[in-house]
Every structure is written in structure tokens, then in C-alpha cells.
Amino acid sequence: MKFNLAILANLLLLSLVGFAIQGCQGKVVQFIFGDSLSDVGNNKYLSRSLAQASLPYYGIDFGNGLPNGRFTNGRTVADIIGDQTGLPRPPAFLDPSLTEDVILENGVNYASGGGGILNETGGYFIQRLSLWKQIELFQGTTELIKNKLGKQAADKFFQEANFVVALGSNDFINNYLMPVYSDSWKYNDETFVDYLMETLQKQLQVLHSLGARKVMVFGLGPMGCIPLQRVLSTTGQCQQKANNLALSFNKAANKLIVNMGKQLPNSSFRFGDAYDVVDDVIRNPYKYGFNNSDSPCCSLGSIRPALTCLPASTLCEDRSKYVFWDEYHPSDSANELIANELIKKFGFLGVNPEAPTPAPESAIAPSPDE
């Protein structure tokens, strides 16, 4: 359920996937694997999951203003980048309305709040989709499309699609850094990162065997700077241990992706590292038009951490000035800023970084105290 800017970086790039390809319907199609940063409603259909964005005021600045499964007040980074680049928004895999035709037109989003690279990550959320489970669901998707199009056409469809993998923060915040998990004492910092890389390598190899050829894997941001980590520290400052783990993960993941891109036939594996971009937004909020980057807009006042936004929570006066929406996740405004910065940094698809970002699906709903 955590959704820090670190991960945020991941997601952003998620839609950014510059090597976007044409699907068999002549449209760009994406298959997204991730956590709460990219979840667009899968956990909404996991009835026993404790990682939920199903209560007000989630979604207050999106569509009809009601909760929609996104762990923020508005759009995800993927939504924003996709809108700017003309990409369709992949629907949640668990959406009951999903059909083969919808998949062919829009791709699929398998992301799940609380999910991680490791199966054990986020166990106390009871229900969540780990990356292994998301890949298993994708395998089922390939069978559906093969039955509809035939093997040759289906193979072409998947080989030309974009694949985005944006997980990892939960493996630290909701696993390794919590003593209730055995991984916290079975490994040290170095061996745990090695464990993640070994697992991720196997997962990417399976995706390749299922037809994924164009894969973007995103790194982590400064997860030690999310409000939850700050409030749990003794100083209220960023927790450097968590940030150092994110940097170690990024270094190892970059090396892994480069090597896999060389070894796997007919593949284009890329790594997206947005740590510096997100770190600058958090450390220099005024530079970007924010006035708060260390506490959540939606909170229970002095009762912290509240972990999630609740109907009893109080919203900040101006949501556009807060980097974080809740203890874990960035706000719509932060997502927009980061999406624009990433587009400029990576220069995907020749997108004009000065072009205005499309607004949410409806006018921004007012705060309860407005």
C-alpha cells in the first residue's frame, strides 16, 4: 500500500515508456506491473485486502470525486504521462468489464497496492498481488489473446507491446525494514538487495519467455523521505538508511537490466532512474511551487502516522501545494510535476515538455471545509 515518491518515480516512467509500440489494432498498448503507485483499481476487487484506497478522500480530484482505486487524490504519474503522449489508460486486470477486445485496445494494468518483487512482502495486508502473481495473471492473458487471434498474431501483439515493471519500495518499507518479517533478520542490506535482484531476474526471464520484448524497469526514489518514514524517525528528517537502500537497489537493478538486455534475444530492456528528480522535489519544494514536502495533505492532525486517508481526516487548505497526499503517496500535483520533469529528463516520444497536461476527468472537487 505504500506509495512513496520513490516508487512514484517508477510509475511515472511507467507510462513514459518511450519505446512505445504499436499494438495489433494500430494503437500503443502497455502492460503494467507495479504496486500502489500504479494501481488503478485492482485492490478494490480484493475484498480482504487491507491495502485499499476505497475511502474518501481518495479520488477527490479525479472523475466524479469518488474513490476509484488510485492511492492519491487525483491522477497517477502513469495517467499523466499517458495522457500527454496519447497512450490509452490500461484498465485494472480485475475489473469485471475487462474483455479480450479491451485488452487489445488498451493493454492491462496488473499493479496492486502492497505488492512487491517478493511473495512475502506486504503479508500483513492479507491480500495483494505480488509480482509473481501479476506475471501469472499475465500468462493467463496471453492464453486469452492466443485463443482469440491465433498464436502468430498474438505473438506479434505481445512482442510489440510495452511492458513496465515498477516495484521494489514495498520490499523494503513493508518487509525488510520491519522486524515482523523474517527477511529483516535473515539478510543484511547487501544480501537482501542481492535476493531482490536474483528474484527480479527470474521474473523478467519469465516475462521474456511469455513474449515481452520491450521492457522498462523503474528504480526507486528517496523512500526514506516519505512522511511515514519521517514521522517514525527521532528527528523528523529523512531516514538515510532507507534512502541508501534505494540507491543500492537502483545501482544493482541498472546493472541487471543492462546485462539482461544483452543476453536475451530480440529484447529491449531499459532502466529508468528518477531518484535525483524526486529527491530535488522533496528537498526543494518551493523551487517547484510547493510549500510542504514533509507531511501529508490528508491526515488526522497530530495523530500520526494515520497510514491512510480517512473520512475523519482533515485536508490541507490547498492540495496543489503539498507533495504528499497521505503518509505514503504523492499528490496529483506532485505526480504532474514529476511526470513533466521525467519527460524532460528522458525525452520520450518527442513530447513537448511545455505542452499543458490534460486536466483530471472532471473539475476538482472541493475540500470538505471549502
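Me: What pattern do the disulfides of the chain follow?
Reply: First the idea: a disulfide is a covalent bond between the sulfur atoms of two cysteines. In this predicted model, counting bonded cysteines along the chain gives the pattern 1-2, 3-6, 4-5. There are three disulfides.

Me: Which cysteine does Cys-225 join, and what parts of the chain does the pair link?
Reply: Cys-225 pairs with Cys-238, S to S 2.1 Å. The two sit 13 residues apart, Cys-225 in the loop between strand 4 and helix 9, Cys-238 in the loop between helix 9 and helix 10. Both Cys-225 and Cys-238 are buried.

Me: Why is the disulfide of Cys-225 and Cys-238 called right-handed?
Reply: Look at the torsion about the S-S bond: here that's about 115°, so the disulfide is right-handed. Cys-297 and Cys-316 give about -85°, so theirs is left-handed. The link of Cys-298 and Cys-309 has 75° and is right-handed.

Me: Is Cys-316 buried or exposed?
Reply: Buried means under 20% relative accessible area. Cys-316 has 7% relative accessibility, so Cys-316 counts as buried. Cys-297, at 2%, is buried too. Gly-301, on the other hand, is at 42% and therefore counts as partly exposed.

Me: How many residues of helix 11 are buried?
Reply: Seven of its nine, so to speak a mostly covered helix. Among them are Tyr-275, Asp-279 and Ile-282.

Me: What lines the largest pocket?
Reply: You'll find 17 lining residues, with Ile-173, Met-178, Leu-228, Leu-232 and Tyr-328 nearest the centre. The lining divides into 12 nonpolar, four polar and one charged. The space inside is about 340 Å³.

Technical notes:
Residues are numbered from 1 along each chain as its sequence is written. This is a predicted model: local features need pLDDT of at least 70, side-chain atom pairs count only at pLDDT 80 or more; totals for chains, interfaces and linings use all residues. Side-chain values use heavy atoms; hydrogens and water are left out. On a 1 Å grid over the protein atoms alone, a cavity is a set of points where a 1.4 Å probe fits but cannot get out, and a pocket is an open set with protein on both sides within 12 Å along at least five of seven lines; lining residues have an atom within 4 Å of a point. Grid points are joined across faces, edges and corners, and a volume is the space filled by probe spheres set on the points. Ala, Val, Leu, Ile, Met, Phe, Trp, Tyr, Cys and Pro count as nonpolar, Asp, Glu, Lys and Arg as charged, and the others, Gly among them, as polar. Buried means under 20% relative accessible area, exposed over 50%, partly exposed in between (1.4 Å probe, protein chains only). Helices (H or I, at least four residues) and strands (E, at least two) are DSSP runs, numbered from the N terminus. A disulfide is a pair of cysteine sulfur atoms within 2.5 Å.
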